[in-house]
Each structure stands twice: as C-alpha cells, then as structure tokens.
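Have the picture open as you read.

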Amino acid sequence: MKPQMFLENARMSARSIAGNMVRSILTALGVMIGVAAVIILVALGNGAQQSVEANLTALGANLMIVYSGEPRGAALVRTNTAGIRPTITPADVAMIESLPPEWVNAVAPTSTANGQLKYENRNVAATVTGTGISYPEVRNFFPVYGEFFTQADVDNRNRVVTIGMQIYRDLFPEGVDPLGRTIRINGISFRVTGIMEEKGSPAQDAAVFIPVSTFQRSISGLANYQLVNIQAASPEIMRDLQAHLEQELLRLHRLPSMEVADFYIANQLDLLATVQGVTGTFTVLLAGIAAISLVVGGIGIMNIMLVSVTERTREIGVRMAMGARGRDIMIQFLTEAVILSVGGGLIGVGIGLGGSWGARTLARTAAAVTVDSVALAFGFSLVIGLFFGSYPAWRASRLNPIEALRYE
Amino acid sequence: MIALKEVHRHYHMGPTVVRALDGVSVEVEQGEFVAVTGPSGSGKSTLMNIIGCLDQPDSGSYHLNGDAVEDLIPDRLADVRNRSIGFVFQNFNLLPRLTALENVEVPLVYGGMARRERHRRARLMLERVGLADRSGHRPNELSGGQRQRVAIARALATDPAILLADEPTGALDSRTGEEVMELFQELNREGATIVLVTHEADVAAHARRTIHILDGKVSR
C-alpha cells in the first residue's frame, strides 16, 4: 500500500463523515461519553485518594505511635483512648527518648481521660490529653493564639492548659480573651496558655492539653502512659525503628512475642499503604465501570458502520469496478470507524477535562486528572475503532462487485 | 485486444444449472466499435462482466491485451480493471458526494497517481467530453446527459484498452442518448476501442460491428 493511499482514504472517510454529520456525532457519542466518564471517574478516585493521603500526612510527618493494649489492626490514630489501661512505663519512654537522633526526632508520651471543664457558669465535656512539649511538632498541630505549655511547666507539674478551638468557643463567652484565665478541669484549677489551631476533627478541636506530669498526678494518678507519639527521623527508618521498638519493649515488658504483647505499634507508612490499596481498588472499579460504556460506544460504531456498508453497497461496487482492491475498501471503512471513535475520543477528553475542572471548582470535589487516564481512555478509543470497525470493513471488502453494482 | 475462446459460465440456481455462457468465442481488435446485443437473459450481461474482469469464466480462455486473465486472483483483476477497462453504466454510477472532477479522479486514485497529476488528467478528460465548466458540480447538479459524459470521462481517465458501456443510453431520453452515442463514435474515431452492450437495435446501429448473443451462444 502506497502511503498516499492512506491520505486518500482519510480524505474519503472524512468526506463521508462530514456528509452525514448528525449521524456521525450520534455514532461517536457513545465513545465520547465513555472517554469522558473514564477521565472524570478516575479523576474523582484519584482526588479522593489524594485528599485521604493529605489528611493522613497532616497527622504529622513520619508519625509512629506506641499504644497500650492488644493490637487493633491498622488504626493509626484512635479517636478515643480514654479508659485504656496504660501499660507503657516511664522506663519504656526513657528507652525511646534515648534512641539516637538519626532514628527519632521527637517523642511525646501521652495519656488521655474524659474530663469536665468549667469556666464561670459554663460546663463542657472534653478529652483531657496529658502530653509532652514535642506534641505539636510530632502531630503537626500547633497553637494559633498564645503558646503551648513549656518544658518548665512539665518539670514543675504546673497546672496549665492549652485548649482546642471548639473548647474555646464553647467555654468562653464572645469577646473574652482566655489567656491567663483560670478554668477548672474535674474541679482542679488550670491557667490557660493558648488556643490550638482548628483541625476540623472533633478529636483534636474538642481536646485540651496539659503537661503529662500534671496529668499523672492530678487526673489519672498512674505513672504509666497510654501511648507514645514518636516522630521518626525519616520514612526510610520507619520499618527498622518499629522492629527495634517492638524488640526492646518486649524485652522491657519481659514478654516472649508480639502475639502476647500488651502494646502495639502503628506507623503512618503502613496505614498510608492500606488506604492507598483501598482507594486504588475504588479507582480501578470506577474506571472499569466507565470502560464498559466505552465498549458499548464501540458497539454503536460497529452498528452504524454495518448500516453504512449496506447503504453504500453500490458505491463499493463502483469503486471496485474502478480498480479498488478489497484492501482499499477495507482501509476506507476502517479509517472511517477510527476517525469516528478517535474523534469521539478527543471530544470526550475535552469533556472529561472540563468535567473534572467543573467538579473541582464548582462542586468543590477533589478531582485530580492524571495523564495516564487521559492517555488510556484515548488509546482505548483508538483500539475500539479498530476492533469494532474491522468487521464491517471486512464485510465491505468481501462484497462481490457484480452483486454490489446491481444493489438497489 | 480481446480474445475469448470457448468461454463457459454456469450458475447453479438450486437444482438447475443456468448456462449463461455456453462456449462463446469472441475477438475484438484494437480500434473497433462493437455492439453486443441480445434479449434479456441471453447472457450478454455475463459476457460483459467477464470482458470487464468483474467475473471469471468457469472454463475457456480470455486474453486481454495479450495477457491471460482467466485465472487471476481478485487483487490482480482489480488492477486490470483499473488500467485496462473503462466502465460506463446505464445509471452512471457517479459517487454522489464527489464533484464531477473528483469522480473522474477515482480510478486515478486507485491507480496511485499523484494528486497534482491526477487533477490535471481529470480536467483534461472533462474537457474532452465538453464539461470543463462543470468540474466543480456534484452529480445531482448535472443533467442526465452531463452525468453520463462525466462517467465517460471517468472511464477514459486511466487511458484504458477498452471502453465497456452497458446500456449507456438506457436512462436518457432519445435526443440526449443520441448525443452520447455520437460522443462514443467520436472517441472511436480518435482510436478508442469500444464494446457496447445493448438490447436496442438502433443504439447498436452506431457500432461498426454487432455480435448477437442468444441462449449463451454467439448467434451470428
């Protein structure tokens, strides 16, 4: 086949498509919708994945948590740890704090309890969190007004509290500056040092933070900690650090294995991997559903191409009489099918990009278009044109010229 | 130019065998203008299809321009049609979406001629049938006679060995038909070899020789 024949075929196909514009658009509509659906749904799936990942990362960089109690699966952050019997001893914490800075950046031993807050005649229930001064850094959660309590407060078991944004709103009348004011936690007076930033999660916004030493003496009366928040030095060190901690804590607790351990360790990477697995499956599922509509669009193209071959039987006969070979006829109709599906695919890409943009800006949904999904959807439309166009084209090429010329 | 020897073509229609051509031998020399006549069902259409390389004989031989074409594969047959045969049909069979010029170009496209050369040649052919000023018109903007002239220009485009016309005046009124026949005579005078298939005696009278087919055989 001479290369110029491809050009001639493309020209003939374009002409016949343009000559039947309404039908051509309707034919390509299936592929258009299919391609747009693949791009938009994959964008939504990816957007969901990215926002979940962003939320997880916002919990704190390279976060690892040692919990009291039996292993509870992959939950990194338990929303309510109050009421768990603390099994992590001061010796455990001392061991973790003694690890080299190449392994651990910061450590915040923590315990929580449910508490009743009171300011003047106002009463609010809150999670009371006793922790160390590294807590804001480890959990990526900082004060926006005033300051977090200090190391001196921890050393001296001072009765100071840094309050969550929701607590500030619920406890203080409008216009009252809470800094330096005294609130009561379970009847004990605490001086307010600052307000934490708003995170949008009740577990963080409806909590108050006090020095862990004060917590042990005034709230729980226990020397053990419920959990230890750890910031690992790097993501690469995570797995080794976890293994080392498990080994050392088992030794300190005189326990033979993790199966019977009274603590467990969760890390951000594992949780991220789990979430990515789930949202990845979700995205593939969406893409699969959209791909079905692409296939249906392809069947639509085949249907119309078969009709078109029948309608143009006489034209095919004339072309054969003029010297067209079966291959020439085949390529002409195949080119037509591919132009329809690829044209539909291109418009579909446009609709998909526009739709994703609309979802992001108008509906404020997380939608992230990936180059992969655009390339995949477009490539798929090309394959569909070739696949579903080949049978009608083959039928056209096999027509008997005498019968085709006689066809009314 | 055309030499058919003892050509047989049989069709099986259920249990009966139709002997459309039953031992036909025909020779046409270069520059001849031959009419093939016969009543409908006589086998003249089958003969035309075989001469036009649209169909092949079951037995017998067919030489076109000295080459045996009775056993060619379909692709080679398509090439022979492209180079050596110019078809003129009763119903013109122009492609409705193409202009007159583009219709004339169709056989040149399949012959692989470059675009510029093709335009030049197609224009020349339209000039030859007197339709140079209609080259941009589509078939439905042309009269019956003009359409048949475009079809003749298309048939001439690849400079074929023979023009094969099947009832070329069948869809035209008698005056226009007469004009088309005069065009054929003129082309013949300029050297074209023409085989005309018709069942009308007065159309056949324009040819210089008549071959009469009856029941699948040459009758005189």
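## Domains of chain A

How far apart do the C-alpha centres of domain 1 of chain A and domain 2 of chain A lie? They are 58 Å apart. Domain 1 of chain A covers 3-54 + 274-406, while domain 2 covers 63-233; these bounds come from an automatic or database domain assignment.

A quick word on ground rules: this is a predicted model, where local features need pLDDT of at least 70 and side-chain atom pairs count only at pLDDT 80 or more, though totals for chains, interfaces and linings use all residues. Residues are numbered from 1 along each chain as its sequence is written, chains are lettered from A and ligands numbered from 1 in the order in which they are written, and side-chain values use heavy atoms, leaving out hydrogens and water.

## A helix pair in chain A

Two packed helices are described by the angle between their axes and the distance between the axes. Helices here are DSSP runs (H or I, at least four residues), numbered from the N terminus. Axes are lines fitted to C-alpha atoms, for helices over the stretch in contact, and angles run from 0 to 180 degrees between N-to-C directions.

In chain A, helix α2 (residues 21-58) packs against helix α13 (residues 371-397) at an angle of about 160°, and their axes are 9 Å apart. That makes α2(A) roughly antiparallel to α13(A) (the word is used for angles over 145 degrees). Their crossing is right-handed, meaning that the near helix is turned clockwise from the far one by less than a right angle. In contact (heavy atoms within 4.5 Å), V31(A), V35(A), V38(A), I39(A) and V42(A) of α2(A) meet S373(A), V374(A), A377(A), S381(A) and I384(A) of α13(A). By class, that's eight nonpolar, two polar and no charged residues (Ala, Val, Leu, Ile, Met, Phe, Trp, Tyr, Cys and Pro count as nonpolar, Asp, Glu, Lys and Arg as charged, and the others, Gly among them, as polar).

## Salt bridges

A search of the whole structure turns up 21 salt bridges over all chains (a side-chain nitrogen of Lys or Arg within 4 Å of a carboxyl oxygen of Asp or Glu). One links the side chains of R239(A) and D270(A), at 2.6 Å, N to O. R239(A) sits in helix α9 (residues 238-252) of chain A and D270(A) in helix α10 (residues 268-311) of chain A, so the pair ties together parts that are 31 residues apart in sequence.

## Helices in chain B

Over in chain B, α4 (residues 115-128) packs with helix α3 (residues 100-110) at an angle of about 120°, with axes 9 Å apart. The crossing of α3(B) and α4(B) is right-handed, and its contact residues divide into eight nonpolar, one polar and four charged.

Notes:
Helix = DSSP H or I, 4+ residues; strand = E, 2+ residues; numbered from the N terminus. Parallel < 35°, antiparallel > 145°, perpendicular 65-115°, else oblique.
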